[in-house]
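Student: I've got a chain open in my viewer and I'd like to talk it through. Can we take it one question at a time?

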Amino acid sequence: MMTGNRQLFWIFLLLLVIIVAGALSPVLIVIASNLAANLAGCTFVAGKIEPCMIAGMDFGKHMGTVQHMPWLLFYTIPAGLIAFAVWLIGLGIVIYSRRKRRPEASCR
């Protein structure tokens, strides 16, 4: 079983990874779709939908739609910054409360 400090470390680390992944998810989705399109031999031109055959199905329209996902960064980055600020405040509260509970060493 994990100790309290180690468990809190992993919880805060997991929350930070979720916040960063959520804030950058539009870019990650575009990178993944471009990688899949490049592996299938498809090309993309901005504002133009071209056929893209993957496993016998045309994903051109879907890939064209995904190319516009970076516009979502105008929403996900501010939301990620707010979530990061809340994360920092929570981390500060936990660190402060743990230091306050720690017994002081007596000087004899």
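This is a predicted model: local features need pLDDT of at least 70, side-chain atom pairs count only at pLDDT 80 or more; totals for chains, interfaces and linings use all residues.

Student: Let's start with the layout. In what order do the elements of the chain run from the N terminus on?

Tutor: Start with the tally: the chain has three helices and two strands. Now place them along the sequence. From the N terminus on, the order is α-β-β-α-α.

Student: And what share of the 108 residues is buried?

Tutor: Buried here means under 20% relative accessible area. Apply that cut-off to the 108 residues of the chain, and the buried share comes out at 15%.

Student: Take Ser-33 then. Is Ser-33 buried or exposed?

Tutor: Ser-33 sits in helix 1, which covers residues 4-40. Leaving out residues up to four places away in sequence, Ser-33 touches Met-63, Val-66 and Gln-67. Its relative accessibility is 9%, and the cut-off is under 20%. So Ser-33 counts as buried.

Student: Let's zoom in on Thr-76. Which backbone oxygen does its side chain reach?

Tutor: Thr-76 is in helix 3, residues 73-101, and is buried at a relative accessible area of 18%. Beyond residues up to four places away in sequence, Thr-76 touches Gly-22, Ala-23 and Pro-26. At 2.9 Å, its side chain reaches the backbone oxygen of Ala-23.

Student: Now the largest pocket. Which residues lie closest to its centre?

Tutor: The largest pocket holds about 210 Å³ of space. Of the 13 residues lining it, those closest to the centre are Leu-8, Phe-9, Leu-91, Val-94 and Ile-95.

Student: What classes of residue make up that lining?

Tutor: Helix 1 and helix 3 each give the lining at least two residues. Sorted by class, the lining of the largest pocket has three charged residues, one polar and nine nonpolar.

Key
Residues are numbered from 1 along each chain as its sequence is written. Side-chain values use heavy atoms; hydrogens and water are left out. Helices (H or I, at least four residues) and strands (E, at least two) are DSSP runs, numbered from the N terminus. Buried means under 20% relative accessible area, exposed over 50%, partly exposed in between (1.4 Å probe, protein chains only). Contact means heavy atoms within 4.5 Å. A polar contact is a pair of N or O atoms within 3.5 Å; within protein, one must be able to donate a hydrogen and the other to accept it, and residues adjacent in sequence count only if both atoms are side-chain atoms. On a 1 Å grid over the protein atoms alone, a cavity is a set of points where a 1.4 Å probe fits but cannot get out, and a pocket is an open set with protein on both sides within 12 Å along at least five of seven lines; lining residues have an atom within 4 Å of a point. Grid points are joined across faces, edges and corners, and a volume is the space filled by probe spheres set on the points. Ala, Val, Leu, Ile, Met, Phe, Trp, Tyr, Cys and Pro count as nonpolar, Asp, Glu, Lys and Arg as charged, and the others, Gly among them, as polar.
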